[in-house]
Structures are given as C-alpha cells and as structure tokens.
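Dear colleague,

I am handing over the structure below, together with an account of what was found in it. Please read the notes alongside the sequence and the 3D view.

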Amino acid sequence: MNKNIVLQCINLTKSFYKKKEEIKILNKISLKIHKGDIVFITGKSGSGKSTLLHLLSGLDTPTSGSILFEGILLNSMSSNEIAKLRNLKLGFIFQFHHLLLDFNVLENVAMPSLISRKSIKESKEKSYEILKKVNLEKKINKYPSELSGGERQRVAIARALINQPSLIIADEPTSNLDENNAKIVFDLIFKLNRSLDTSFVIVSHDFRFIKKEFILFEMKNGQLFNNKN
C-alpha cells in the first residue's frame, strides 16, 4: 500500500434490516485519504455522513467492505486495539466541544496524552505547546465555563492534536459558532494542516470556507460523489 495513504475504504456498506427488508445506509463507498489531504463531506441530514464517520473511526463496524488505516485492516483489529489506535492516531473535533467542565484548559488538552500513559509533566508540556499554536496559551488556567464558544472549539482542536494524529475527523465543527468564530476555527484548521501535514476529514455545510485545493464530496442516498470546486 502507498505509504502516503492514511486511510482507505473499499466497497464500504452499512445496512440494517426492517421487517426482513435490507435498508442500506451506505452503499459500496470507496475512498482514499492521503497524507495532508483536507476532505470535505457535505450532504443532507440522514444521507449517511455520520455513519461514515463512525465507520472510518472504528466506532462502528461495516456490514461489508474494508477499512485500512495506514495499511492496517481495521476489520481485523480487536476493540482494544482500535481504541488504542483512536487515542494515538485519530483526533476528533465534534459539533459540541465535549470539554470536561471540572478541568481547566491545560488539563482538558492534556487528557488524551495522559490516557496514552505519558507522564503528567510531559502531557502538560505538550498541552502548553499545542495551546500556543491555537493562541490560547494565556487561557491555560481558565475553565470551559469561562471561555467563549470559539475559544472552547479551539481548545477542542488542541486536544485533538496533542498526540500528533495522522488524521483528524471533524463533525460540523463550526455549526454552533457565529461567522467570525467559524472563520477563525477554519483558518486555524487550514494553518495546522499546512504546518503539521495532518489529514482532515470534515463534515460541514459551511461552503464559505471550502477552498479550491480541498477535496469535496457530497453524500447522496448512501453514496459518495466527488464534487469538483
């Protein structure tokens, strides 16, 4: 497999049965994500976007088809192995920031590093360095309740980056933000993509920030269509 391919899915299908009738949520999707790619996926509600993200991240299993992450077949991995891969190789940015309210900014960002059994000292040092990249180093002792919506989402981005993942999956990362904060968040994602060469898969309806060099797909009826910008 090409070493520059971070993630690949082949004929990915997800179905469920209703009164013995097969209902396909995803229908034979094939996709390659290379190192440094920014892939946008759009589509109407219920088209299968979230199901695809769950499969790509190992949170769900396909009915048929294969998913390879850096050449390793996810289908053949145990749940513990997939959990470890998610912690070390995959970052997540959600529509809601999901910060831990009882922990300050530095501690929230450090959490994935601590889970991967890095020392408290190393985790906090890495956390501080990442927070500098998102211009929040002066907020390290603040709690989520003391931050604006845009700042919370930037903390979530920093948390997703701390273990230097190969791929970050973002599910509607700006849908709860005003236009100014949405622009700040997307500009930050693009900057981090260029400086770290991290791949991004972003589900979003916000076409204002999609640039020509990005890869754009639309999900329709459980299938993925490449839309050229």
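A residue is called buried here when its relative accessible area is under 20% and exposed when that value is over 50%, with partly exposed residues in between. By that cut-off, 48% of the 229 residues in the chain are buried. Please keep in mind throughout that this is a predicted model.

On the chain as a whole, there are six helices and 10 strands. The radius of gyration is 18 Å, close to the 17 Å that the globule rule gives for 229 residues, so the chain is as compact as a globular protein of that length. Taken along the principal axes, the box filled by the C-alpha atoms is roughly 55 × 40 × 40 Å. Of the contacts between residues at least 6 apart in sequence, 69% join residues that are at least 24 apart. The accessible surface comes to about 12100 Å², and carbon and sulfur atoms account for 50% of it. As for charge, the chain has 35 positive and 23 negative charges, whose mean positions lie 3 Å apart.

Turning to the strands, an open sheet is formed by four of them in the order S2-S1-S4-S5, with antiparallel pairing. Strand S2 (21-34) and S5 stand at its edges with a single partner strand each, so one side of each is left without a neighbour in the sheet. Within this sheet, strand S1 (residues 5-18) is joined by five bridges to strand S4 (residues 64-69), and the two run antiparallel; cysteine 9 stands opposite isoleucine 67 in S4.

On to the pairing of S4 with strand S5 (residues 72-73), where two bridges join the antiparallel strands. Leucine 68 stands opposite leucine 73 in S5, while phenylalanine 69 stands opposite isoleucine 72. S4 and S5 form a hairpin with two residues between them, and glutamate 70, which lies in the turn, has a positive phi of about 50 degrees.

A further pairing involves strand S6 (residues 90-93), from which Leu90 and Phe92 point one way and Gly91 and Ile93 the other way, all of them being buried. S6 pairs with strand S7 (residues 167-171) in the parallel sense, over four bridges, and leucine 90 has leucine 167 in S7 as its bridge partner.

Methods:
Residues are numbered from 1 along each chain as its sequence is written. This is a predicted model: local features need pLDDT of at least 70, side-chain atom pairs count only at pLDDT 80 or more; totals for chains, interfaces and linings use all residues. Side-chain values use heavy atoms; hydrogens and water are left out. Two strands pair if DSSP finds at least two bridges between them. The radius of gyration is taken over C-alpha atoms; the globule rule is 2.2 Å times the number of residues to the power 0.38. Buried means under 20% relative accessible area, exposed over 50%, partly exposed in between (1.4 Å probe, protein chains only). Contact means heavy atoms within 4.5 Å. Accessible areas come from the Shrake-Rupley method with a 1.4 Å probe; for residues, only the protein chains shown count as cover. Lys and Arg count as positive and Asp and Glu as negative; His and the chain ends are not counted. The place of a charge is taken as NZ of Lys, CZ of Arg, CG of Asp or CD of Glu.
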